[in-house]
Amino acid sequence: TSFNIDLQHDYIFLYDKYNADAKKNLAKSAILGYTSVKNEPIEIAANCFFDAYGKHYANAIELKNKISVCSIEAIKNGKGFTRSIYGKDGKLWCAGFFFMAKNRIHYAMAAPTEEGKTIGATHILIDEVLKEYANTPYIFDFEGSDIKTVAYFYSKFGSEKKHYLEIINNRLPWWCRRFIEKKGN
């Protein structure tokens, strides 16, 4: 399952589809004041992401380096961008990298800092991207998640749940495939 937002509509139309919690977080952050910065070095987004979620990856440092190299190439080729959210005091609240392919903006890698979590800064990050790309032919693609809390977060922005096909390529010998097929029936 994937979660998508069609950005061909104006921002007000998109915002009206946000749920009450997303709107509440955005209102709270507007009162506090923040700055949205585009096209910062990928290291800011990568550090933010791996500081928050690195413990879930066996080879976090190696993965962080590979993702950074790929992200830099994507940015050089006009196929991606970074976005960071800072508080009034200049402290980083959230940062992310977004990959662009054909007519899609993919939510590739983003995370809040500890302070950003308390403010709901990831809401701001996504809202700023949706605001910038409203009235364009793009589709904002959250990708998917089997984690219920993550899927719920994606749904807060009025995203539509899209199902995609799964292709399974079984390369076992023919006699193993037959055994598995018979056992599965």
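This is a predicted model: local features need pLDDT of at least 70, side-chain atom pairs count only at pLDDT 80 or more; totals for chains, interfaces and linings use all residues.
The residues of helix α4 that are buried, meaning under 20% relative accessible area, where over 50% is exposed and anything in between is partly exposed, with a 1.4 Å probe and protein chains only, are Ala60, Ser68, Ser71 and Ala74. Seen down the axis of α4, these buried residues fall within an arc of 130 degrees, so they line one face of the helix; the arc here is that of the directions from the helix axis to the C-beta atoms. As a reminder, an α-helix has 3.6 residues a turn, so residues three or four places apart point the same way. On the other side of α4, Val69, Cys70 and Lys76 are exposed.

Residues are numbered from 1 along each chain as its sequence is written, and side-chain values use heavy atoms, with hydrogens and water left out.

Staying with α4, this helix covers residues 60-76, which is 17 residues, and from its first C-alpha to its last it reaches 24 Å, close to the 24 Å expected at 1.5 Å a residue, where the expected span is 1.5 Å times one less than the number of residues. The cover over its buried residues includes α3 (42-53), β3 and β4, and by contact I mean heavy atoms within 4.5 Å. After α4 comes Gly78, whose phi is positive, near 70 degrees.

For the chain as a whole, the secondary structure comes to eight helices and seven strands, taken as DSSP runs numbered from the N terminus, with helices being H or I of at least four residues and strands E of at least two. Of the 185 residues in the protein chain, 41% are buried. Among contacts between residues at least 6 apart in sequence, 70% join residues at least 24 apart. The chain exposes about 11,200 Å², of which carbon and sulfur atoms supply 56%; these areas come from the Shrake-Rupley method with a 1.4 Å probe, and for residues only the protein chains shown count as cover.

Let me turn to the interior. A nonpolar core, as I use the term, is a set of buried Ala, Val, Leu, Ile, Met, Phe, Trp, Tyr and Cys residues joined through side-chain atoms within 4.5 Å. In the largest such core, which has 32 residues, the members that touch the most other members are Ile105, Tyr107, Phe140 and Phe142. At least two residues of this core come from each of several elements, including β1 (2-6), β5 (104-112) and α7 (148-155), and α6 gives the most, with seven residues. Setting aside residues up to four places away in sequence, Phe140 touches, among others, Phe3, Ile5, Phe98, Ile105, Tyr107 and Leu130. There is also a second, separate core of 13 residues, which includes Ala46, Phe49, Ala60 and Phe97.

Next, Thr82, which lies in strand β3. Is Thr82 buried or exposed? At 2% relative accessibility, Thr82 counts as buried, and its side chain reaches the backbone oxygen of Glu40 at 2.8 Å, with a polar contact being a pair of N or O atoms within 3.5 Å, where within protein one must be able to donate a hydrogen and the other to accept it, and residues adjacent in sequence count only if both atoms are side-chain atoms. Leaving out residues up to four places away in sequence, Thr82 touches Asn39, Glu40, Ile75 and Phe97, among others. Asn39, in the loop between β2 (34-38) and α3, has a positive phi near 65 degrees in a residue other than glycine.

Another residue with a positive phi, about 65 degrees, that is not a glycine is Asn135, found in the loop between α6 and β6 (139-141) and exposed, with a relative accessible area of 55%.

Two further loop residues remain. Lys88, in the loop between β3 and β4, is exposed at a relative accessible area of 71%, and its C-alpha is separated by 5.7 Å from that of Gly33, 55 residues apart along the chain. Lys17, in the loop between α1 and α2, is partly exposed, at 43%, and leaving aside neighbours within four places in sequence, Lys17 is in contact with Lys156, Phe157 and Gly158.
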